[in-house]
Amino acid sequence: MTKLAPVLSAHWDEKDSFTIEAYTRNGGYKASKKALAMDPDAVIQLVKDSGLRGRGGAGFPTGMKWGFIPQGDNKEHYLVVNADESEPGTCKDTPLLLANPHVLIEGCIIASHAIRAKHAFIYIRGEVTHVVRRLNQAIEDAYKAGHLGNGIELVLHVGAGAYICGEETALLDSLEGFRGQPRLRPPFPAIAGLYARPTVVNNVESIASVPAIIENGAEWYQAMGTEKSKGTTLYSLSGHVKNPGQFEAPLGITLREILELSGGIRNGHSLKFWTPGGSSTPLFTAEHLDVPLDYEGVSAAGSMLGTKALQIFDETTCVVRAVLRWTEFYKHESCGKCTPCREGTWWLVQILRDLENGKGTEADLAKLLDLCDNIMGRSFCALGDGATSPITSSIKYFREEYIAHLTLGACPFDPVASTLFEGASK
Amino acid sequence: MTTMQEVEMISLVIDGFEVSVPKGTLVIRAAEKLGIQIPRFCDHPLLDPVGACRQCLVDIEINGRAFPKPQASCTIPVEPGMIVKTQLTSAVAEKAQRGVMELLLVNHPLDCPVCDKGGECPLQNQAMSTGQGETRFEGVKRTFQKPINISSQVLLDRERCVLCARCTRFSEQIASDPFITLNERGALQQVGIYENQPFESYFSGNAVQICPVGALTGASYRFRARPFDLVSTPSACEHCASGCDMRTDVRRGKTLRRLAGDDASVNEEWNCDKGRWAFKYVTALDRLTTPMVRNADGVLVEASWPVALAAAAAGLAANKSAVLVGGRATYEDAYGYSKFARLALGTNDIDFRARLSSDEEREFLAAHVVGSTTTYRDIDLADQVLLVAFEPEEESPIVFLRLNKAFRKRALKVTAIATKLSIGVEKLKGNFIKVAPGAEANALSSQTLTNKSVILVGERAAESAGLLSAVATLAQSSGAKIAWIPRRAGERGALEAGAIGNLLPGGRPVSDAAARVDIAAAWSAQSLPAENGLNATQIIAAVNSGSIGALVVGGVDPLDNAESAQTLAALEKAFVVSLEIAPSAVTARANVVLPVAAVTEKSGSFLNWEGRPRAFDAAVADTHNRSDLRILSMIADEMGRTISLATVTAAAKEIASLGRWDGAKSALNNVSAAATPSLLPDQAIITSWRRLLDLGTLQAGEENLAATSRRTVAVISPKRADSLGVKDGDRLTISTQLGSVTLPALVEEIHDDAVWAPRNSRGSELLSQLGVAHGAVVKVAKA
Amino acid sequence: MAFTDKDLATMDSIIKRYPRSRSAIMPLLHYVQSLDGYVTNEGIELIAKLLELETAEVTAVSTFYTQYKRKPVGDYHVGVCTNTLCAVMGGDAIFAGLKDHLGIENDGVTADGKVSLEHIECNAACDYAPVVMANWEFYDNQTVQSAKDLVDGMRAGNPPAPTRGPNKLGTWKEASAVLAGINDGKANEGLQAGTPTLLGLKLSKEGK
C-alpha cells in the first residue's frame with residue numbers, strides 16, 4: 001500500500017495548476033458552494049469532526065479554534081491566514097501557493113463563512129515575489145468569478161522580512177501597521193485579534209486542507225493519519241538526501257519511510273542529525289528514524305512536529321556550525337521586545353562563535369546550558385524558547401563534538417565536504 | 001458612599017501571606033501591598049502593561065494548577081485561589097530574575113560613576129538586590145554613539161537603555177506625542193526619533209523622569225549633581241493653574257532640578273516641561289535685593305528697609321490708593337493684598353486680573369466660580385466636555401492629560417468652540433465647532449449637555465462679550481458643571497481671597513451688608529467700604545484722570561494688558577509702591593521698590609483651578625527675602641493701620657477661621673454678544689492664545705526649553721490664503737494702527753474670517769505690537 | 001523624488017484595501033521603494049501625512065523589517081541564503097564567492113549600481129538548496145559558478161531567468177511594486193512547480 005496520499009498536492013503536476021481554470025476543472029470551488037449553503041456552525045462541527053489540527057506548528061484543533069469566536073456579538077470578525085512561512089527548513093506553503101493558490105482562497109471562503117467573517121487577510125512573507133504574483137492574480141480571478149466579493153472580501157498583505165511575524169499576535173500587529181512584536185495574551189485573538197475584534201489566525205496548509213474536508217466529509221479525513229493526528233500533511237525533505245522535495249502523506253509516517261521512498265541519504269554518507277519540524281524543534285538523530293511523525297509521536301520523543309520541515313544533515317556537517325548559524329538567525333530575528341530573547345541570543349552567538357572556533361573550556365558548555373535555561377520559558381514568546389532548542393538538543397546528543405572543537409582549538413570539519421557541489425569545486 | 005462596597009475584592013496568597021485586593025489588580029501591585037518588592041523595569045502603574053523586561057517573573061498557581069513557567073507579575077491580574085511565589089519563596093523565580101538581570105547587564109555600560117542616574121537608579125539598585133556580583137559575560141558589548149540629542153532639552157544614551165519602553169509608551173499613551181519610538185529590531189532595537197522631527201512634546205520631561213536607567217537625561221540637569229548631594233522639598237508648581245505636585249531639588253541654595261510629584265487626584269505622576277524645566281528665572285533674572293526709594297532728583301536709590309517702608313506708608317496715606325496684584329501671588333499673599341486694600345487703604349479698588357478682563361467676567365467669577373467645587377474627578381466622570389476659550393494643552397497642560405486619558409480609555413467626547421483647530425484638540429479627536437473670533441457665544445446655544453457634562457472655560461472667555469453669560473445660561477439649562485481655568489497659578493486663590501473689587505475673602509459679596517459685617521468683625525474693623533471697587537482698567541483710567549493718586553503693584557506686567565500705553569502712563573503719574581522680585585517696567589516707574597521672595601524662597605499655597613490648596617515649603621531656606629504679605633503688613637504697621645499678617649502661617653490660619661460665605665451669591669447680569677464686524681478683503685479678525693512655551697517671564701534663562709517651543713506662525717484658512725495669494729511658509733503681515741507683526745504663514749483649519757498668531761512668542765508679541773489679541777479687526781497682507 | 005498625482009492615486013487605492021488606514025503602511029513602504037528604490041525621507045513624510053501618523057511612527061515600522069532599505073540597493077538585489085541548511089550545502093561558499101567576484105561586502109552595492117548583495121535567512125525553498133534570491137525571485141540549486149554567472153548577467157543587462165518565476169527577471173523597483181500588491185500581469189509565467197515539489201506526487205503515482 002502506498003505510504004503517500006496526495007490531496008493538497010494532487011494536481012500540482014498539471015502545467016496550469018495555479019490557474020482558476022485548472023482549479024475549477026479539478027472540482028475547485030464546489031466545496032465553498034456546498035459550505036456556503038450550510039449553517040456556519042455545521043461547518044465548524046464538520047471541521048471539528050475531521051480532526052484537522054493546525055499545520056503551522058502548534059497542532060491546535062482547527063475547528064475548536066473556530067468555535068472560540070463569539071457568535072452573535074455584532075462585531076466584525078476576521079480571518080487571517082498566516083503565510084509568513086519563515087521557520088528555517090520550512091518550505092511547504094510556498095510551493096503550495098505557487099502551484100495552487102485557489103485552494104487557499106476557497107479555504108478562506110469556507111472558514112470566513114464558518115466564523116462569520118466578512119473580511120479575510122492573507123499575510124504572506126515579502127521575500128517571494130512570484131508567490132505574491134500568483135496569489136494576487138488568483139484573488140483577482142476569484143473576484144471576477146464571483147467567488148469573492150459577494151459577502152467575503154479577501155486582502156493579500158505582503159510582509160517585509162521579519163520571522164517574528166509568523167507569531168500570530170506579532171502578525172496581527174504587523175497587519176495593523178505596527179512593528180511586528182508579539183502582544184500580551186490574554187486577550188487572545190479569538191476575543192480581541194485584528195483591530196481588537198474576534199479573529200482566527202490559521203496556517204496556509206490548515207486552511208487549504210478545508211475544501212477537501214468539506215467535499216469528502218469528516219470521516220474520509222478521519223480515516224487517514226493516527227489516533228490523534230488525523231489527515232494528510234506535507235512533509236518537506238531537504239538537505240543531504242538524494243532527492244529532496246515535498247511528500248504528502250498521512251500523519252504518522254516516519255523519516256525512515258520517507259527516506260526509503262525518496263532514495264535515502266546522499267551516496268556514501270550517513271544520517272547524523274535532523275530536525276522534525278524546523279530549527280526551533282529539538283534535533284533528532286539516527287535513533288529517531290522510526291518516530292511516527294505525528295503530533296504525539298514527535299513530542300513523546302522529545303521534540304515537536306512543528307512544520308514537518310525535515311532538514312537532513314549527514315556526517316560531514318559540523319553540528320556546532322549548524323547550531324551557531326541557527327542561533328545567528330534567532331539573534332537576527334529576535335524582535336527586541338523582551339530581555340531574555342534580545343540579550344540572550346546576542347550572548348549565545350558570541351559563546352557559540354568561540355566554541356566553533358575551538359575557544360573556551362568545557363565550563364562554557366555549562367554556561368551555555370545555564371543561559372538557555374535563563375531564556376527558555378522566560379521570554380515573551382516562543383521565539384526565545386525556539387532559539388534554545390538546537391543548542392540544548394545538540395549538546396545532549398553531540399557533547400563530544402563540542403569538546404573536540406575545544407581539544408583541537410578549531411573546528412574539526414571541512415566545510416567543503418558538506419556542500420552539495422563538493423567535488424565539483426575540487 | 002457605596003463605592004467601596006461595589007469594588008469586588010479578590011483574595012490570594014503571596015509568599016505565604018494572604019492579601020485582599022480589588023479585582024483587576026496586577027500581581028506585582030498586590031505584592032506591594034504586602035511590602036514585597038518584586039524587581040521591575042517596564043512596569044509603570046500609569047502605563048499599559050507590556051511585560052517586556054521580564055524582570056518581575058514569579059511562580060504562580062491557580063487552584064492547584066501551576067503555570068508551567070514563571071509569569072510576568074506586571075501583566076497578570078489577581079485571581080481567586082491564586083498562590084504566588086516571588087523570589088523570596090521560589091527558587092525558580094529567584095533564578096529567573098537573576099538570569100534576566102544578568103542579561104540586562106550584559107550590554108549595559110559600567111559607567112555608573114559618570115551617570116546622572118547613579119545613586120537613584122532602579123537598575124543599579126535592583127542589580128544589587130537581584131543580580132550577582134560577578135559577570136559571566138566575556139564577549140563584546142553593544143556600543144552606540146554616545147548621547148544624541150533627541151530634542152534641545154532631552155539627550156539619549158542608547159547604550160544605557162534597557163528598552164523597557166516606558167518613554168515611548170508614555171509619549172504615545174499619555175501625551176499622544178509619539179515622536180519617540182522603538183526603532184530597529186532585536187539586539188539593535190533602540191529608542192529614536194524620525195531624523196527631521198525632534199522629541200518636542202510639552203511633556204517630554206516625564207519620559208526622562210520615568211526612565212529607569214540613565215538613558216534619557218535632561219540637558220539642564222546633566223552632569224550637574226549627584227542625587228545624594230541634593231536636598232529635596234515637596235513643592236507646588238507656580239506656573240499654571242493645573243496645580244501640579246512637585247519636588248524641588250536644591251544644592252547649596254540653588255535649585256538644580258524639579259520633578260513631578262505624585263498626586264493621584266491632580267497630576268498623577270506627570271507634569272509639563274515648563275513646570276519641570278523653567279525654574280532658573282529665580283536666579284537668572286537680575287534679582288532685586290535691596291529696597292529702593294525715588295529721591296528728590298527723581299532717581300531710584302537704594303534705601304534701608306525702615307526708610308523705604310516709611311516712604312511707602314507716607315505716599316499711600318497721602319493719596320487715594322488702589323491695588324493691582326498679578327495672578328502669580330500665593331493664596332496667602334493675595335489675602336494680604338486684599339486685607340491691605342480694605343484696612344490700610346480703605347478701598348475695594350483692587351484687581352488681580354493683570355490681563356484682558358471684563359466686568360462681565362468679574363460678575364461671572366462672583367456668581368459661578370468663587371467657591372465652586374468642580375474637580376479633575378468631574379472630568380474623569382464626564383459624559384462630555386465642552387472647551388470654551390480654552391486650549392488645555394497650551395493653557396493648563398495637566399487638564400489636557402486628564403482629558404486625553406479619558407479620551408483614550410473611554411472615548412470621552414470633547415467639543416471645542418474655537419476659531420482655530422489646535423494640536424491639542426486634534427489629539428483629543430475633538431469635535432471642533434469653528435466660529436469667528438467674538439462669535440463664540442452664539443455657538444454655545446446649540447450645544448446639548450447633561451448634568452454629567454463639564455464646561456471648561458478659559459480666562460480668554462472674558463475677551464468675547466456675552467460668552468461667559470452664554471456659558472452660565474448653558475450650565476443652568478443643562479445642569480452641566482462649570483470649571484473656570486485661568487492660566488496663572490494664583491488667580492483662583494486671589495479670587496477666593498477677595499483680591500477683586502466685588503468680593504471680600506471667602507466669596508463674600510461686597511454688596512452684601514451681612515458679608516461685610518462678617519469680615520469687619522473678623523478683622524476688628526469698624527466697617528468696610530460698601531461699594532464695589534473699580535476694576536483694573538478703571539483703576540488705570542482713574543489714575544490717569546487724577547481721581548486715584550497711588551498704586552500698590554505686585555507682580556504685574558503692564559504689557560499683559562491691551563492698554564499698555566495707558567498703564568505705563570498711569571505708573572508714571574501715580575505714587576507707586578512696587579513689590580517685585582526683579583526690575584521691571586513697573587519698578588522703573590515706581591516711587592518705592594520693595595524686593596520680595598520668589599516662590600522657591602517662601603512657603604505658602606496656591607489654589608489650583610479646582611480651588612484645591614497646593615501648599616509648599618521654602619525649598620531654598622537661607623535667603624532673607626520676605627513674602628509679599630510680610631512686607632504689606634510692615635507698611636500697614638507703618639501707616640498705623642495694622643493688618644496683623646506677620647507670617648504665612650498667620651495668614652493661613654486667619655483664612656481658615658474666616659470660612660466660606662454661605663449666603664446668596666451676587667448675580668451675573670447677562671451681557672449680549674457683540675455683532676460680528678463686516679470685513680474688507682484685506683481685513684481679518686485676530687485671535688490668539690499664549691503658548692505653553694513662550695516669552696513668559698518665568699521662562700527666562702531657559703534656552704534649551706525655549707528651543708522646543710512650537711514654531712511662531714500666522715495661521716489663515718485655505719480660502720484666505722487663496723485670496724491673498726499666500727502659501728505655507730510665505731510671510732504674512734498682520735497690522736493695526738499701533739503696529740505690525742510679520743510671520744511665516746501656515747495654512748490650516750481656521751475660520752475664514754480669522755487670523756491666528758501666538759500671543760506672546762518671539763516675533764509675535766501681539767499686545768505690545770498690535771495692541772489687540774482677540775476679536776479686533778486687523779489688516780492682513782502678504783509680506 | 002517628487003510623487004506624481006498618479007502615484008498618489010495608487011497610494012490612495014492601497015489605503016482603501018484596508019478597513020483601517022494604518023494597515024496600509026507596509027504596502028505603502030513597498031510602493032515607495034518601487035518609486036524611489038529605498039525608503040526615502042520624502043516617502044516617510046508622505047506616508048505619515050496620508051495615514052495621519054507621526055513620522056516617528058513610520059520610521060519605527062520601516063526600520064523593523066529587513067526588506068525596507070535605508071539606502072539605494074542595486075537594480076538587482078541578490079540575497080544568498082546562509083541559514084544553516086543552505087549555508088552547509090554551499091550557501092557560505094556562494095556568498096564568499098560573490099563577495100569576491102563583485103568586490104563588495106554584505107549590504108554592498110557595485111559601483112555601477114547594478115548589483116547589491118545581502119546574506120539572507122531561510123527563504124522557504126530548502127528542497128532547492130542552496131538558494132539565491134534576486135529581487136526576491138527564486139534561483140534554485142545554485143553553485144558558486146552559477147551564482148557568478150547570474151550576477152555577470154545582471155551587470156551585462158541580461159540576467160538568466162529565475163528558476164521558478166517570471167520569464168525575465170525584473171528590477172528591484174518592479175519587484176517592489178509587485179510586493180505593494182500591484183499586478184504586473186506575469187503571474188502565469190514560469191513553472192507551476194519544480195521537480196522537488198512534485199517528487200512525492202510522482203512517487204505516489206508510481207504506486208509508492
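## Ground rules

Local features in this predicted model need pLDDT of at least 70, side-chain atom pairs count only at pLDDT 80 or more, and totals for chains, interfaces and linings use all residues. Residues are numbered from 1 along each chain as its sequence is written, while chains are lettered from A and ligands numbered from 1 in the order in which they are written.

Helices (H or I, at least four residues) and strands (E, at least two) are DSSP runs, numbered from the N terminus.

## Helix α16 of chain A

Start with α16(A). It has 18 residues and spans 25 Å from its first C-alpha to its last. That is close to the 26 Å expected at 1.5 Å a residue. The expected span is 1.5 Å times one less than the number of residues. Of the 18 residues of α16(A), 15 are buried. A buried residue has 20 or more other C-beta atoms within 10 Å of its own; an exposed one has 12 or fewer, and partly exposed lies in between, with C-beta atoms placed from the backbone. After α16(A) comes Gly358(A), with a positive phi near 80°.

How is α16(A) set against α18(A)? Helix α16 (residues 339-356) and helix α18 (residues 382-408) of chain A pack at an angle of about 15°, and their axes are 12 Å apart. Axes are lines fitted to C-alpha atoms, for helices over the stretch in contact, and angles run from 0 to 180 degrees between N-to-C directions. The two helices are therefore roughly parallel. Angles under 35 degrees count as roughly parallel, over 145 as roughly antiparallel, 65 to 115 as roughly perpendicular and the rest as oblique.

Contact here means C-beta atoms, placed from the backbone, within 7 Å. The residues of this contact divide into eight nonpolar, four polar and one charged. Ala, Val, Leu, Ile, Met, Phe, Trp, Tyr, Cys and Pro count as nonpolar, Asp, Glu, Lys and Arg as charged, and the others, Gly among them, as polar.

Helix α6 (residues 101-115) and helix α7 (residues 129-144) of chain A have axes that come within 9 Å and cross at roughly 55°. They are therefore oblique to each other. Their crossing is right-handed. Pro101(A), His102(A) and Ile105(A) are the α6(A) residues that meet α7(A). By class, the contact has six nonpolar, one polar and one charged residues.

In chain C, the axes of α3 (residues 41-51) and α4(C) come within 8 Å and cross at roughly 120°. This crossing, too, is right-handed. Ile44(C), Glu45(C), Ile47(C) and Ala48(C) of α3(C) meet Thr55(C), Val58(C), Thr59(C) and Ser62(C) of α4(C).

## Where chains meet

Chain C puts 69 residues in contact with 78 residues of chain A. Elements of chain C that each supply at least two residues to its side include α2 (25-36), α5 (84-102) and α8 (195-205). That side has 38 nonpolar, 20 polar and 11 charged residues.

Chains B and C also touch: 12 residues of chain B are in contact with 10 residues of chain C. The chain B side divides into six nonpolar, four polar and two charged.

## Inside chain B

Helix α11 (residues 359-369) of chain B has nine of its 11 residues buried, so it is largely enclosed by the rest of the structure. Its cover includes α17 (467-478), β23 and α18 of chain B. Just after α11(B), Gly371(B) has a positive phi of about 80°.

Ala489(B) sits in the loop between β23 (481-485) and α18 (491-497) of chain B. It is buried, with 29 other C-beta atoms within 10 Å. Among the residues it touches are Cys237(B), His239(B) and Phe606(B).

A cis peptide bond joins Pro186(A) and Pro187(A), with omega about 5°. Another joins Ala129(C) and Pro130(C), with omega about -5°.

Tyr29(A) has a positive phi near 65°, though it is not glycine. It is buried, with 20 other C-beta atoms within 10 Å.

Terms used
Contact = placed C-beta atoms within 7 Å. Left-handed = near helix turned anticlockwise from the far one by under 90°. Lists of a residue's contacts leave out its neighbours within four places in sequence.
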